[in-house]
Amino acid sequence: MRIPKTWVPLLAKKIIHTITSKKLVSPAVSLEKLQLETEDLIMEELTVEDRLNDEVREILKGHTVEIEKGRLDYRRLFDLTKQKLVREKNIVL
């Protein structure tokens with residue numbers, strides 16, 4: 001995640017205020033519920049890369065011996081594995 005978690009409620013509030021004040025949307029639920037749902041969506045998007053990095057680490061655990069012996073460069077292998085998963089899962093980072 002590239003922004004602090006404490007900013008998420010502020011971002012959600014600003015987004016909701018902007019789109020409702022400009023009459024771009026008319027909420028069908030209370031503003032409080034909309035705020036919570038927006039915060040959840042933002043957090044979900046902000047943690048996509050964190051979850052992907054965790055998945056790459058798990059995959060690379062199977063190659064620990066080769067990495068430790070110096071046969072494979074961990075950073076390069078990490079980046080290549082991450083790129084492959086991004087393509088396979090159509091993730092936008």
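Modeller: Let us begin with a definition: a contact means heavy atoms within 4.5 Å. Please keep in mind that this is a predicted model. Among contacts in the chain between residues at least 6 apart in sequence, 57% join residues at least 24 apart.

Biologist: Which secondary structure elements does the chain hold, and in what order do they run from the N terminus?

Modeller: The chain has five helices and zero strands. Read from the N terminus, the order is α-α-α-α-α. The radius of gyration is 19 Å, well over the 12 Å that the globule rule gives for 93 residues, so the chain is more spread out than a compact globule. Along the principal axes, the C-alpha atoms fill a box of roughly 60 × 25 × 15 Å.

Biologist: Where do the positive and negative charges lie relative to each other, on average?

Modeller: The chain carries 18 positive and 16 negative charges, and their mean positions are 4 Å apart.

Biologist: How is a pair of aromatic rings described?

Modeller: Such a pair is described by the distance of the centres and the angle of the planes. In this chain the count comes to one aromatic pair. The pair is formed by Y74 and F78, with 6.0 Å centre to centre and 35° between the planes. Planes under 30 degrees apart count as stacked and those over 60 as edge-to-face, the rest being tilted; the pair of Y74 and F78 is therefore tilted, given its 35°.

Biologist: Where do Y74 and F78 lie in the secondary structure?

Modeller: Both residues belong to helix α5, which spans residues 74-89. Y74 and F78 are four residues apart, about one turn of the helix.

Biologist: Are Y74 and F78 buried or partly exposed?

Modeller: Y74 has 34% relative accessibility and thus counts as partly exposed. F78, at 4%, counts as buried.

Biologist: Which residues does N53 touch, setting aside those up to four places away in sequence?

Modeller: N53 touches F78 and K82. N53 lies in helix α3, residues 48-60, whereas F78 lies in helix α5. With a relative accessible area of 13%, N53 is buried.

How values were computed: Residues numbered from 1 in each chain as written. Predicted model: local features only at pLDDT ≥ 70, side-chain atom pairs only at ≥ 80, totals over all residues. Heavy atoms only, no water. Helix = DSSP H or I, 4+ residues; strand = E, 2+ residues; numbered from the N terminus. Rg over C-alpha atoms; globule rule 2.2 N^0.38 Å. Lys, Arg positive; Asp, Glu negative; His and termini not counted. Charge placed at Lys NZ, Arg CZ, Asp CG, Glu CD. Phe/Tyr/Trp six-rings, centres within 6.5 Å; stacked < 30°, edge-to-face > 60°. Buried < 20%, exposed > 50% of the residue type's maximum accessible area, 1.4 Å probe, protein only.
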